[in-house]
Structures are given as structure tokens and as C-alpha cells.
Amino acid sequence: MCGIVGYVGDRLGVPIALKCLSALEYRGYDSAGVAYIDNGKIYTEKRVGKLVNLYNSLKNKIIPSSCAIGHTRWATHGEPNKNNAHPQTDCNGILAVVHNGIIENFDSIKQDLIAKGVKFNSDTDTEVFAQLLAYNLCAKLMHNTMHNTAHNTIKFSKKTIIKALNKTIQQCEGAYAVAIVVAGIDDCIFFAKNKSPLIIGKGEEESYLASDTPALLGFANKFYSIKDGELGYIEKNKIVVFNDNLENVKIKFQQITIKTEQVMLGEFKHFMHKEIEQGASSIIETIDRIKKLKVLQKIPPKIFEDKFNLHITACGTALHAGLIAKYIIENQLRVPVDLDYASEFRYKKPILDAHSVCLFISQSGETADTLSCVELAKQKGATTIAFTNVPASRMESIVDFVVPTGAGPEIAVASTKAYLAQLAALYAFIEYLAIILKKEIKFNCGMIKNLALKYSHQDYTKVLDDIVEEIKNEESIYFIGRGVDYLLALEGALKLKEISYIHCEALPAGELKHGSLALINNNSFVVAVLTQSNLIEKTLNNIHELNSRGAKVILISPFTNLENFVYKQIYIPNVNDLLTPFVAMKPLQTLAYKVSISKNLDPDKPRNLAKSVTVE
Ligand code: G6P
């Protein structure tokens with residue numbers, strides 16, 4: 001989490017840094033800050049809260065600097081106050097650092113520096129990095145017997161800075177992407193990266209750093225995804241990258257085109273609303289892209305011979321998409337699938353070997369837990385396949401095969417269209433697997449595309465109005481379903497809880513009576529998902545159990561003649577049982593969105609959450 005940017009070129013750097021940061025705010029909005037160099041001196045400006053506070057404090061100032069770094073924070077070390085906001089500087093004002101990640105051994109380094117007389121001003125691990133780098137720079141200086149000079153007036157050479165930076169990153173354990181400006185060097189930004197994402201962008205006569213490519217939309221069109229252990233610097237017309245042995249790395253830029261309207265609100269008030277409406281086009285674009293690029297055909301059929309075993313690993317919404325894939329693979333292909341939360345998988349000593357095929361699902365391709373699982377699977381000799389949405393992400397660069405999802409940039413923290421794109425990509429994979437395994441399945445990608453086209457205009461905003469008013473002040477809402485419907489209920493509950501702050505819990509409908517029914521009374525609201533034709537009676541029984549305890553059941557279902565048994569029914573299209581996830585999610589997402597706005601919350605930026613979780 002945390003977003004970082006850097007600009008060096010001929011234009012005013014601070015407004016550009018602010019603009020790029022606005023596309024990274026999904027990564028955290030506890031505080032924001034910039035540092036820039038003017039006549040060799042470093043200046044910083046920081047504000048607590050969303051980026052708009054920083055923007056307002058700077059909007060009437062013209063800052064004549066063409067070199068700036070910026071940061072939007074999701075607090076990990078130290079509360080979200082001004083002292084802990086980035087950029088962090090060393091006590092002599094030699095340099096300023098913006099950082100995304102966690103320096104795990106920050107405390108021992110800090111104690112060591114304090115013992116050497118360094119004064120700290122914040123609780124952050126980032127300040128430790130800044131102070132250590134400055135210390136390493138100055139230690140060199142002392143060695144050269146120049147210690148009588150005021151530190152912040154000394155001009156260090158780039159070579160000296162790179163050496164000190166390399167030493168610093170060798171001393172730091174953990175994840176980091178850092179951008180650094182150094183006093184006396186007006187038109188240069190230094191960087192280093194390990195595990196947290198960092199991209200170099202190239203424009204005409206200007207260079208950029210950013211946590212992701214969409215942040216540089218409209219500014220750069222050529223990108224390089226910096227690899228772990230690399231460090232270097234950017235100038236307006238020069239990019240220098242070293243490996244950890246300080247040997248020059250020849251980099252190859254990748255051309256990525258993102259259209260402006262993809263990251264603009266357009267006619268919508270919130271990105272979440274726009275992205276819910278883009279669900280159908282995400283499905284279609286994903287299938288088209290997979291077919292056009294023939295990505296599945298690159299996965300060799302021989303990995304699915306003999307003793308192959310399948311694993312799915314992901315976090316959050318991506319895991320919910322994976323649950324549906326597991327269900328369909330087991331149900332249709334009769335192939336067992338292991339599925340784990342990435343944060344659990346990495347510590348459970350998973351049983352993996354060269355016969356394992358591991359599927360990793362990640363919108364960002366940068367989620368720290370999922371990335372660690374990729375590394376683990378690779379060490380064990382497994383085949384790794386990533387389903388990712390962000391081009392040039394770290395996950396794409398380390399897996400054996402990539403199946404891209406075509407959702408386009410997803411800005412709202414709560415994932416909506418990316419979930420549908422992940423499902424489309426996973427179904428396409430299942431179709432391919434069925435061909436290899438010579439098994440029959442009752443769907444194909446053409447059917448999914450047709451369904452997305454046919455129902456793309458389905459609108460639930462009006463029909464949900466009354467329900468939203470009734471449930472918005474609830475403390476707790478239950479979601480139930482069986483089979484695929486339970487998996488949809490899980491995602492529906494996650495959506496509502498993360499942006500409305502109502503406690504939501506999804507349960508397999510049959511499990512209700514093993515505990516949670518004790519909490520149901522005549523004030524309870526329960527959302528029941530019922531899309532599976534073979535489960536109508538079973539789920540209906542559970543609805544009766546809820547009715548007997550006075551609960552108000554909101555039913556999401558295509559089936560008729562059920563309305564009399566529930567408080568309210570939201571009708572969805574009646575489609576092939578295996579394809580219901582493609583039509584049942586929209587009302588659940590819309591419900592969450594509408595409850596959030598009816599409570600005057602910001603659905604795009606829920607408290608305490610970030611879109612891309614690049615720390616463990
Ligand atoms: C965070 C986001 C979720 C996302 C999850 C996994 O929790 O808020 O929307 O589903 O991370 O992210 P990934 O990028 O790996 O899909």
C-alpha cells in the first residue's frame with residue numbers, strides 16, 4: 001500500500017506529482033506529501049488525510065522546481081499524523097524519501113543510529129531508511145575528512161549516492177520501493193526496489209517513477225517495471241539502473257496504452273458505480289483478449305498429464321473468484337482443487353512439487369501475500385499461472401504463464417468489474433482444461449459473452465431503493481446460499497461490509513442452524529442468494545427457518561413463485577446454472593454501493609483499506 005511518484009523534466013514538478021498521485025490514492029489516503037528541490041535545497045509539504053488537503057495547501061503556490069517526489073500513505077508504522085507523513089527526511093536535511101513497503105528490521109537500525117547520536121522525528125520505518133542512507137553518505141564523507149562542512153551544503157556525486165544507497169538496502173530487510181531526492185542535485189531522483197512495486201515511465205524530455213502504470217497515464221507511454229534488488233536514478237533524458245552488484249542493467253521499455261476515459265469518472269459520481277456498470281464489458285474484453293492473444297495455448301498440455309495437482313491462491317475478492325473456479329472444476333471436470341488464502345498458504349507448508357499447477361489470481365498483480373506464494377511455488381518446481389489485470393505487474397514478471405483479465409484500470413478500492421473479469425478468465429481456462437482432459441462441460445466462452453451482452457443493461461438501482469433505506473442502519477446482515485450461491489453470498493457480504501461498515505457475514509444456508517440462527521430475531525435482515533435450480537427446495541427450507549424467527553429475507557433469484565415466502569425478491573436473469581455468477585453479482589454490488597452512498601460514505605475509498613496490499 002502507499003503510492004509513490006517521482007517526476008524530473010522541464011515542467012513544474014509538484015503539480016505533475018500531485019496529478020499522478022491522484023491516480024494512486026486508492027493505495028492509501030491517511031496522509032499525502034511532496035518533496036521538491038529548488039536551487040539545491042529540499043522542501044517538503046505534507047498534510048494529514050486525503051490528497052485534496054495537500055492539493056488545497058499548494059494550489060495557489062507556484063513552485064519553480066522541475067524535480068519532485070510524492071506520496072500517498074496507508075499507515076503501517078505510526079499513526080496518520082503530519083510527522084509520520086512522507087516524504088521523510090534525515091536530521092540534516094540532506095535527503096527526502098518516499099517509501100512503499102515495510103523495513104522489517106527498522107527498530108534495530110533505529111536503536112543503532114540513536115546510539116550514534118541521530119535524532120528521530122517520527123515513528124516511521126521510512127525515516128529510519130532516510131536517516132540510515134544519510135548516515136551512510138556522511139560516514140563516507142567523514143572518512144574523507146570533510147566533516148567540518150555543513151552536511152546539507154555538500155554536493156555528493158551520483159556515484160557516492162548510489163554506493164551509499166546500495167549499502168543502505170543491504171542493511172534493510174523487508175519490502176521497499178523508494179524514491180529519493182538529494183540536496184544539491186536538482187534534476188535527479190534516486191530509487192531502489194525490493195518486493196514493492198515501482199515502475200519507470202518515459203515521456204518526451206521527462207522521466208517518471210510510480211507505483212503503477214495507470215498513475216502515469218497521459219504523461220508517459222513507455223514503461224519499465226523495476227526488478228527486485230535494482231537501484232539507480234532517473235534524469236529527464238537519462239535512466240540508469242544497476243543490479244545489487246552495482247553492474248549496469250540494460251533495460252527494455254514496454255509500450256502500454258491506457259485511454260484517458262478509462263481513469264475518468266465521466267458521467268458517474270463514483271468509480272465504484274462506473275465499474276459495476278462496466279462488468280459486462282470486462283467479461284467480453286477478457287474473453288476477446290484471451291482468445292486474440294492465444295494465451296491459453298501457450299500453457300503446455302503436458303503439465304496436465306498424469307499426477308498433476310491443482311492449487312488456487314489469492315486474497316479478498318480474487319479469492320472469491322477462485323472459489324467459483326474450484327467449484328466448477330471439481331463439479332464439471334471431477335478434478336480436485338486445493339484453494340487457500342495466500343496469507344495462509346505460505347505458512348502451511350503446502351504440498352507442492354513439479355506436478356503441481358498453481359493458479360494465482362490478483363487484480364493488481366502486486367499483493368504481497370500472493371506474490372510470496374508464487375515464489376514459494378516456484379521454489380518447489382510447480383508451474384505457476386497468474387490471472388492478473390494490471391499489465392507489467394510484478395506477478396506477471398515472475399510467473400510461467402499469464403492469463404490477462406481485461407477489466408482495464410479499476411480505481412475503486414472495492415473490486416467489482418475485476419471480479420467478473422477474473423471469473424471470465426477462469427472459465428476460459430476451465431474450457432481449455434476440459435479440452436486437454438477430454439472432458440465435456442456444459443458451457444463455453446461464447447455463451448458467457450452472449451450472456452454478458454444480453455444482460456449488460458440490467459439495472460438494479462431503482463428496485464433496491466426501499467431495501468437500502470431499510471437496511472442502511474443495521475448493525476449486522478447475514479448472507480446465505482448453497483453451492484455456488486454460497487460463494488456469491490461471500491462476495492456480496494464482503495462488498496457490503498467493506499464500504500458500508502455494517503457487519504456482514506456469509507454462511508452456507510444449511511449451516512445457519514449450527515450457530516448463527518441463535519442471533520436471528522425479528523429485526524434481522526438476511527440476503528439469500530438462490531440461483532441453482534437443483535437447490536430451490538433446500539434453500540427455501542432455510543428461508544422458512546429464518547421466517548419462523550421473524551427475519552426479513554431479501555431474495556436474489558431468477559425463480560418465480562418464491563416471492564410469497566420472502567420479504568422482498570430481486571429478480572435476476574434465468575441462465576444456465578453454471579453461469580449464474582455472471583448475472584447474480586451485479587445486484588449484490590449495487591446494493592453495497594447504494595447503502596454506502598445512502599450513509600454518506602465514500603464508496604471508492606473505504607476507511608482503513610487500500611486497493612493494493614503490498615505489505616504482509
Ligand atoms: C485488497 C482490495 C481488494 C482485493 C484484494 C486482493 O483487499 O481491497 O479489492 O480483492 O486486495 O487484491 P489483488 O490485487 O491481489 O486482487
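Predicted model: local features only at pLDDT ≥ 70, side-chain atom pairs only at ≥ 80, totals over all residues.
Residues are numbered from 1 along each chain as its sequence is written, and side-chain values use heavy atoms, with hydrogens and water left out. For the charges, I found the mean positions of the 69 positive and 65 negative ones to be 3 Å apart; Lys and Arg count as positive, Asp and Glu as negative, and His and the chain ends are not counted, each charge being placed at NZ of Lys, CZ of Arg, CG of Asp or CD of Glu.

**Overall fold.** I listed 17 helices and 24 strands in the chain, taken as DSSP runs (helices H or I, at least four residues; strands E, at least two) and numbered from the N terminus. The radius of gyration is 26 Å, close to the 25 Å from the globule rule for 616 residues, so the chain is as compact as a globular protein of that length; the radius is taken over C-alpha atoms, and the rule is 2.2 Å times the number of residues to the power 0.38. Of the 616 residues, 61% are buried, meaning under 20% relative accessible area, with exposed over 50% and partly exposed in between (1.4 Å probe, protein chains only). Among contacts (heavy atoms within 4.5 Å) between residues at least 6 apart in sequence, 72% join residues at least 24 apart.

**Helix H10.** I then turned to H10 (residues 368–379), whose 12 residues reach 17 Å from first C-alpha to last, close to the expected 16 Å, that span being 1.5 Å times one less than the number of residues. Nine of the 12 residues in H10 are buried, among them Asp369, Cys373 and Leu376. The elements covering these buried residues include strands S15 (309–314), S17 (356–362) and S18 (383–388), as well as helices H9 (342–345) and H11 (394–398). Just after H10, I found Gly381 with a positive phi of about 85 degrees.

**Val48.** Lastly I checked Val48, which lies in strand S3 (residues 41–48) and counts as partly exposed because its relative accessibility is 37%. Leaving out residues up to four places away in sequence, Val48 touches Asp30, Ser31, Asn53, Pro80, Asn81 and Lys82.
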